[in-house]
Structures are given as C-alpha cells and as structure tokens.
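I opened my notebook to look up a few details in this model.

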Amino acid sequence: MREHRQRTDSEINVLPVMNLMAVPIPFLLMAAQFMSLGVIDTALPAVQAGEPSADAPTLNLWIRIDADGYRVSGTDPMLHPDGGADVRLQCAVAGCPEASDYPVGELRRLLGYLKDEWPDETLVVVAPLPSVPYEVMVRTMDAARADPGVVVKGGPRPLFPEVVIASAPDAPEAP
Amino acid sequence: MARRRARIRRLPTDAGLSITSLMDMMTIILVFLLTNYSANVLPVQPSDNFRLPLSTAQGDLRVTATIIVTREAVFVDGQRVLSLGPGTEPGVDLAVPDAEKQDGTVPAVYDPLVAEVAAMRQLPAGEDGEPAFRGEILMQLDRRTPFAVVRDLMKTAGAAGFGTFRFVVVADPGQ
C-alpha cells in the first residue's frame, strides 16, 4: 500500500535556476563590448630612434603627412627620382577632405619595394602637419607597419613595424 | 454526444509549460556573454564627440595611465582636466588653448600624469618581475583630433616620464 503513495513524477523544478540565470544576462549585456579594440605602439623620436650607427647605413625613412598627401624621404635612391628630395604621393581628391582620400595603397606599395631593398630596417618616422586628423595618422601607421595583401608565415608581411611619431617641422630635409 | 464527451475526456489536463528549451537558450546566451566579457577599458563610450578610428592593429590593452581626448576635452584617468578650444594654426579646428601651455607642455595634463607615475612607481613588481611602471600610456583619441593636440599631449606625457604611447583603436582586420 505504501508503494502506491510514492510519487512517480519526480521532475526537478528548474524555475529557480532559470531565475538565477536571468539576473546576470542584463548586466553582461550592458557591460559587453561588441567591438574589439587594438593598440598601436609608438614612441617619441628620442626614445626609439637612438643614435645612428656609423657602421651600417640606415634607410632613415620619413613619411610626412600634409594636406595634399604624403612625402616619403630616406637615403634609398628610389626615394630621389630625377634627383628630387623625396617621393610625393598625392591624394585622390585635391586637399584630402576625407581620410580615405589619402593614397594609402600607393604608400604601402612603395614601402613594400623599400622593404625588399632594406629587409633589416624596421623603423619609420611618421611626421604629420598640425592640421592632419588622427584618423589619417592611424591609417598611415597601418600602411607602414604591415601589408595585409602579402601573407608571410600565415600573417601580413611586416614592413616597418617600429613607428615613431614626430612633428613635421622637425623632419630633416632629405639629402 | 457520448462520443464527444469521451473525446473531451481524452484531452490532457496537465498542460504545464515546458521551459527546458528556454533554459537551454538562456544557458547559451549566458556562456556567450561570459566568454566575451572583459574589463571595461573604455571609460568613455562612443558618441558623437568620441569615436575611435578603425585599424588593422590587434594587441592587448594592459591597464595603465590613460589619456582620453574627445571633441571637447581631455581626460586623464577618467578625470576631466582640460577643455579644448579652437586652434590658431592654419587648418587646425581644435587645439589646446595657448593659455594652458607652458614651455611646450600642458600643466593641467602634466600634473596628474606625474602623480600617476609616482603612484605607479610605489607599486610592487608584477608576477613576471616587470615593474608596475613601464613608461606606457594608453591614448584614446577621437578620430578627428588634429595632430596639434596629439603633439602637445605626447610632449607633455613624455616630459612626465612616459616613453611608449599605445594608441587605442577599433580593431578591423578587413581595413
């Protein structure tokens, strides 16, 4: 007779567990970051560049950013076409009204050629004019650090990953 | 009539809601949110006044001193220390007011950074033996910030003892 009274339906009551789970979900949704952040490490010229070595020739690569585009200078003869002081890369639209108007692709291609000639060089100095927006600076640093169009060892080809920021007026005149 | 009564009798009387599938769904959401949860290193949420630039850069965000620049003001470790104004240099729409500058640095930013450096130097070294103060500073800048502002803040942070500038960007590998 006693066996008859035992309950056969012994399902666990999951409602309290569900309530417990429902509490952290709004909190986590509010705290969640749905954008992934990254960092670009740079240094001041005095910290990063150091003293130039007298033994090994250096590229001394400078990218000046102004309202018309880029001026790339250095010791490589490629950067002195027809005896000029530097290579000028013009914006797609005069005056570069948008950050996307800057010729980032051309710059990356030029730096790729330079990297072929100077495989051990890693340093580049980026020197924007005071009016250049930060976004342009970031796009330029991206172009200088690596070329995602060329894959090396499973990642984008490194170009000049050590970026130094300087003021454009501090940039030396190209030889 | 009798047949109809019999059909009604056969209908299930226990029509309790099955919440098992709902609980499965909530478990999946909870696990997803917990795995994506990270410490909030972006004290200023994106708005019209503050939008980070996109970049191909990845990298981890170690907690350290932070400078945030919006379209209105400069924040050091979350505290508003300086209001920005219109620029005087050609093409510069936003700048550190000249009255706030002294010998090329910005005292309103320099003083809290020096205090931060002193406080970090008092901290014990980490588990990896690295000192708490590594000369790194996180720079979170609105993408339209002119380089004139970046330059003044970098000079100031450099004078306060920071040598490595970690520019925070929104990681976009497809850039």
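How many of the 14 residues of helix 4 of chain B are buried? I noted first that this is a predicted model, where local features need pLDDT of at least 70, side-chain atom pairs count only at pLDDT 80 or more, and totals for chains, interfaces and linings use all residues. Residues are numbered from 1 along each chain as its sequence is written, while chains are lettered from A and ligands numbered from 1 in the order in which they are written.

Entry on helix 4. I found 12 of the 14 residues buried, so helix 4 of chain B is largely enclosed by the rest of the structure. Buried means that 20 or more other C-beta atoms lie within 10 Å of a residue's own; exposed means 12 or fewer, partly exposed is in between, and C-beta atoms are placed from the backbone. Among the buried residues I listed B:Phe147, B:Val150, B:Arg151 and B:Asp152. Helices (H or I, at least four residues) and strands (E, at least two) are DSSP runs, numbered from the N terminus.

I checked the span of helix 4, residues 147-160. The expected span is 1.5 Å times one less than the number of residues. That gives 20 Å, and the end C-alpha atoms are 20 Å apart, which agrees. B:Gly161 follows helix 4 of chain B, with a positive phi near 115°.

Entry on two loops. B:Asp77 is not a glycine, yet its phi is positive, about 50°. I located B:Asp77 between strand 3 (73-76) and strand 4 (79-83) of chain B. B:Asp77 counts as partly exposed because it has 16 C-beta neighbours inside 10 Å.

B:Asp103 also has a positive phi, about 55°, although it is not a glycine. B:Asp103 sits in the loop between strand 4 and helix 3 (107-122) of chain B. With 8 C-beta neighbours inside 10 Å, B:Asp103 counts as exposed.
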